[in-house]
Amino acid sequence: MYNSFLIKYGEIGLKGDNRHIFEDALAKRIRTVLSRIDGEFDVKKTRGRIYVFCGGDWNYDETVERLSHVFGIVGICPVVIYESCGIEELKKHMTDYLKEEHPGCTSSFKVKARRVDKEYPLTSMEVDAELGEAILLANSDMRVDVHNPEIVFDVEIREEIYIYSKVIPGPGGMPVGTAGRAMLLLSGGIDSPVAGWMIAKRGVTVDAVYFHAPPYTSDRARQKVIDLAGIVARYTGPIRLHIVNFTDIQLYIYDQCPHEELTVIMRRYMMRIAEHFANEEGDMGLITGESIGQVASQTMHSLVCTNAVCSYPVYRPLIGFDKNDIVDIARKIGTYDTSILPYEDCCTIFVAKHPVTRPQVSKIEKSEQKLRERINELVDTAIATAELVVAK
């Protein structure tokens with residue numbers, strides 16, 4: 001029945017004179033996503049709308065699934081298109097649509113016509129009344145409710161006539177690529193993939209860095225992180241994932257520094273290395289999955305110590321979230337089941353029994369002085385031997 005979709009967007013419509021930039025970015029992202037599946041798709045902008053016209057050997061479910069991962073889309077509306085016609089023929093089209101799309105329906109409804117073609121002989125309100133009457137005559141079990149209808153029949157009168165009544169939710173947000181780039185510190189846990197997803201939802205292109213610690217972490221842990229990047233990439237587009245061998249750095253810190261400070265000091269070196277790759281990629285900030293008080297390295301005092309080594313801004317979208325809130329999003333975006341696979345990451349391997357929860361920058365810096373003999377060499381080696389994987 002369907003061969004096209006109306007794409008609804010949200011805050012893009014509030015962008016004033018810059019609106020066309022965001023519309024173009026959204027249309028481009030839709031074209032990119034649909035180019036990876038079978039079918040012929042024509043994406044067009046017209047008078048405040050974006051339409052996807054489908055042809056060839058295309059699959060409805062696969063197309064909707066792809067569109068439902070595009071940031072910037074708030075609704076995907078399957079549309080039936082008819083040639084422009086008079087009201088009597090339009091009433092017949094409406095009753096045919098009703099029988100096909102809502103057979104045996106007993107819901108309340110209203111008709112909402114939008115007359116873009118101002119030469120059409122009836123006003124929008126007159127079209128509403130005529131089509132509403134046609135629906136009641138075709139199905140006496142339905143009833144009109146203009147305030148809280150269960151079904152809204154949208155009718156757009158343009159060069160052609162578009163009818164739709166379903167809105168499939170999209171993820172919302174802004175089109176990826178409209179707000180710069182940032183580097184995600186991606187672990188194998190629940191939080192960091194969600195953090196990356198949330199920042200990408202605001203239009204940011206996401207790169208990522210993962211700290212691997214063989215033999216203390218396995219190849220399965222490494223693959224788990226690549227898989228997580230791939231899941232997030234369904235929304236963001238390809239993610240450039242830098243895999244850093246952090247083992248020698250961790251062991252050196254473990255040998256030289258107070259064990260209660262291990263996590264904070266390791267975290268500071270991760271941020272330093274992440275900034276190196278952020279600079280290479282042209283990123284404008286770092287992203288972490290930290291939430292205040294969730295673990296010892298995420299107390300306010302610990303975050304101050306971590307921030308002290310950063311020259312880039314650090315974006316922490318989960319900073320005030322409860323764990324249950326984060327888990328809910330992880331389930332929604334499809335990362336949760338992969339995140340809970342029991343493969344340790346490098347952070348959990350070297351956690352002290354009694355980590356400091358109120359570290360002071362001056363004391364941490366003093367402890368880091370013990371590392372000066374070899375740490376720069378180890379960091380340079382970790383950067384030089386990093387592996388780049390493009391997750392799609």
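Modeller: What follows covers the aromatic pairs, the charges over rings and the nonpolar cores. This is a predicted model, where local features need pLDDT of at least 70 and side-chain atom pairs count only at pLDDT 80 or more, while totals for chains, interfaces and linings use all residues. Residues are numbered from 1 along each chain as its sequence is written, and side-chain values use heavy atoms, with hydrogens and water left out.

Biologist: How many aromatic pairs are there in the whole structure?

Modeller: The search finds 12. Rings of Phe, Tyr and Trp (its six-membered ring) pair if their centres lie within 6.5 Å; planes under 30 degrees apart are stacked, over 60 edge-to-face, and the rest tilted.

Biologist: What sort of pair do F5 and Y60 form?

Modeller: A tilted one, 5.8 Å centre to centre with 35° between the planes. F5 sits in strand β1 (residues 4-9) and Y60 in helix α2 (residues 60-67), 55 residues apart. Helices (H or I, at least four residues) and strands (E, at least two) are DSSP runs, numbered from the N terminus.

Biologist: F5, buried or exposed?

Modeller: Buried, because its relative accessibility is 0%. Y60 is partly exposed at 28%. Buried means under 20% relative accessible area, exposed over 50%, and partly exposed in between (1.4 Å probe, protein chains only).

Biologist: Which residues are in the ring cluster?

Modeller: Ring pairs join Y2, F5, W58 and Y60.

Biologist: Changing topic: which residue lies over the face of Y336?

Modeller: R331, at 4.1 Å from the ring centre. K15 lies over the face of F22, at 5.2 Å. The criterion is NZ of Lys or CZ of Arg within 6 Å of the ring centre and within 35 degrees of the ring normal.

Biologist: Why is helix α5 described as largely enclosed?

Modeller: Because 10 of the 10 residues of α5 (residues 191-200) are buried.

Biologist: And which residues touch the most other members in the largest nonpolar core?

Modeller: L186, V194, W197, L241 and I287, in a core of 36 residues. A nonpolar core is a set of buried Ala, Val, Leu, Ile, Met, Phe, Trp, Tyr and Cys residues joined through side-chain atoms within 4.5 Å. The largest share, seven residues, comes from α6.

Biologist: What is W197 in contact with?

Modeller: Leaving aside neighbours within four places in sequence, W197 contacts F71, V232, Y235, I329, K332 and I333. Contact means heavy atoms within 4.5 Å.
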